[in-house]
Number of protein chains: 2
Amino acid sequence: MNEGRLADRAYTNIVGIIREQKLVPGERLPSEARLAEMFGMSRGIVREALVRLASDGITEARRGAGSFVKRRPSERLAAHVPIDTIAATLGTYEVRFVLEAEAARLAAMRRSSEQMAEIDTALSRLAAALLSSNPAHDEDWQLHRAIALSTANAAFITTFDHMHDQVERILKAGVEISRSRPPEVIRAMLQEHEMIVDAIRVQDPDAAALAMRWHLSQGRKRLMPDGL
Amino acid sequence: MNEGRLADRAYTNIVGIIREQKLVPGERLPSEARLAEMFGMSRGIVREALVRLASDGITEARRGAGSFVKRRPSERLAAHVPIDTIAATLGTYEVRFVLEAEAARLAAMRRSSEQMAEIDTALSRLAAALLSSNPAHDEDWQLHRAIALSTANAAFITTFDHMHDQVERILKAGVEISRSRPPEVIRAMLQEHEMIVDAIRVQDPDAAALAMRWHLSQGRKRLMPDGL
DNA sequence: GTCGGGAGGCTGTAGGACAGATTTCGACGT
DNA sequence: ACGTCGAAATCTGTCCTACAGCCTCCCGAC
């Protein structure tokens, strides 16, 4: 998946060690020098991998003591494992349904006028991109994100971003989606977004959540027409 | 927040550079050697910070070219900014409401018998910990996580883990919560969990979601009695 | 048996070196 | 004047050595 960088191989190798030796949380893994020797690379490279492992919450480094397993990677690393694209896509839609519907609801309740302006800007950008037959994935995402920003909830926003990273990864690893869209689909996509934005404008939380759910269900159908 | 590691300061400093100089996505930031010189540290330390930045999706390193800003950092970095603990805690509860209620619903629909056994194990562990007056935060989390695992949805699980990382970070940066709990609170906490688990056992999705929402609302009240 | 101290191991950090990739820019040919 | 090509400058990726400060563990003293 990620070749070319030695540190990536180190990352994978260390995860392999944790898996194969069934290291449980709290256990120590070999020292940086030992790992470097085992993998045939320098200690600096192993350190880079360990920094990422720690940043991912899998290990934890204690100065003078060593690196320790924090969580079981078999669970934590599900995201890093090759997965069935169809199932993964369906899965992300399940998350988006609850998360984004609630985002729309909260945005309808709390949006400031500045945030409303941001949403409007994002919507018009999306419209321009769609009408000029661009893929417009980024513009679509920016609109959804402007809505998430309007929740005025940092936890919501970071969770949202995290989910989007997954979506991107799945799409990148999976199918190419930018098929040509017939005009009626483009019109429908625009209408769905407008319904969401309008509900947020008039501050109707239930309508906003409903419109978002409808939009996502339509999006899923367009992505995977053969249904659930 | 986490001092003692030079690499953390490097991370913060680089973020500061991106912010102050208003670097937009695609722009190059100073070379590793230049950054090391600016911060007065070795290049290896700067590299560690850059590895984490890249792992966080904020920058991207291109061999032979440099490190580049990837996404709008002013938005992306909301999570790394010091935040008001009370507002942040309320925020995470908003996320947990929708995410975990849906997890309970999906778990009720899909749990295998093995997953049900895992949930039961986690519940009895939690009961044991609570009855012996332990803080039992970890056991509590393990039960919630066992439920999330039963959704059989990788996206759900990773999103769940991400949210938990935030909760941990906020709690670590904020107040100490392990106040002494009177017996009736312990009994209530156990009952709430049992209601969730039972609903999953008899595969009643709505009841599971409702029980989870109730449990979280009670938890929030216990954490912040002075209400919303 | 207990307690303390020391030795060894480990991470954190520094600095230097080189290979290979990329960008830049000037020289050269047309 | 313009396009093309190549060389130099720059940068990341990798390796090496070294040492300070911290942690663990074991051994010896009591």
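How do the residues of the surface near DNA strand C divide into nonpolar, polar and charged? They divide into 7 nonpolar, 7 polar and 4 charged residues; Ala, Val, Leu, Ile, Met, Phe, Trp, Tyr, Cys and Pro count as nonpolar, Asp, Glu, Lys and Arg as charged, and the others, Gly among them, as polar.

## Basis of the model

The model is predicted: local features need pLDDT of at least 70, side-chain atom pairs count only at pLDDT 80 or more, and totals for chains, interfaces and linings use all residues. Residues are numbered from 1 along each chain as its sequence is written, while chains are lettered from A and ligands numbered from 1 in the order in which they are written.

## Surfaces near the DNA

DNA strand C is surrounded by 18 residues, of which Ser31(A), Leu6(B), Met41(B), Ser42(B) and Gly64(B) are the closest. Here a residue is near a molecule or strand if its C-beta atom, placed from the backbone, lies within 6 Å of it. Both chains contribute elements with two or more residues: α2 (32–39) and β3 (66–69) from chain A, and α1 (6–20) and α3 (43–55) from chain B. Helices (H or I, at least four residues) and strands (E, at least two) are DSSP runs, numbered from the N terminus.

Around DNA strand D there are 20 residues, and those that come nearest are Leu6(A), Met41(A), Ser42(A), Gly64(A) and Ser31(B). At least two residues each are supplied to this surface by α1 (6–20) and α3 of chain A and by α2 (32–39) and β3 of chain B. The element that gives the most is α3(A), with 3 residues. By class, the surface near DNA strand D has 7 nonpolar, 7 polar and 6 charged residues.

## Relation and interface of the two chains

Chain B is superposed on chain A by a rotation of 180° with 0.3 Å of shift along its axis, at an RMSD of 0.5 Å. This is the relation of a two-fold axis. The superposition is by least squares on the C-alpha atoms of residues with pLDDT of at least 70 in both copies.

In the interface, 31 residues of chain B are in contact with 31 residues of chain A; two residues are in contact if their C-beta atoms, placed from the backbone, lie within 7 Å. On the side of chain B that touches chain A, two or more residues each come from α3, α5 (85–110) and α8 (154–173) of chain B. Among these, α8(B) gives the most, with 11 residues. This side of chain B has 13 nonpolar, 10 polar and 8 charged residues. Of the interface residues of chain B, 100% are also interface residues in chain A, so the copies meet through the same surface.

## The sheet of chain A

In chain A, 3 strands form an open sheet in the order β1-β3-β2, with antiparallel pairing; strands pair if DSSP finds at least two bridges between them. β1 (28–29) and β2 (59–62) of chain A stand at the edges, each with a single partner strand, so one side of each has no neighbour in the sheet. The antiparallel strands β1(A) and β3(A) are joined by 2 bridges, and Arg28(A) stands opposite Phe68(A) in β3(A).

Helix α3 (residues 43–55) of chain A packs on this sheet and touches β2 and β3 of chain A; its direction makes about 120° with that of β2(A). Axes are lines fitted to C-alpha atoms, for helices over the stretch in contact, and angles run from 0 to 180 degrees between N-to-C directions.

## The sheet of chain B

Chain B likewise has an open sheet of 3 strands in the order β1-β3-β2, paired in the antiparallel sense. Its β2(B) pairs with β3 (residues 66–69) over 4 bridges; in this pairing Arg62(B) stands opposite Gly66(B), and Thr59(B) opposite Val69(B). α3(B) packs on the sheet, touching β2 and β3 of chain B, and its direction makes about 120° with that of β2(B).

β2(B) and β3(B) form a hairpin with 3 residues between them, and Gly64(B) in the turn has a positive phi of about 80°. Gly64(B) is also among the closest residues to DNA strand C. β1(B) and β3(B) pair over 2 bridges, with Arg28(B) opposite Phe68(B).

## Composition of chain A

Chain A contains 10 helices and 3 strands, which run from the N terminus as α-β-α-α-β-β-α-α-α-α-α-α-α. Among contacts in chain A between residues at least 6 apart in sequence, 65% join residues at least 24 apart.
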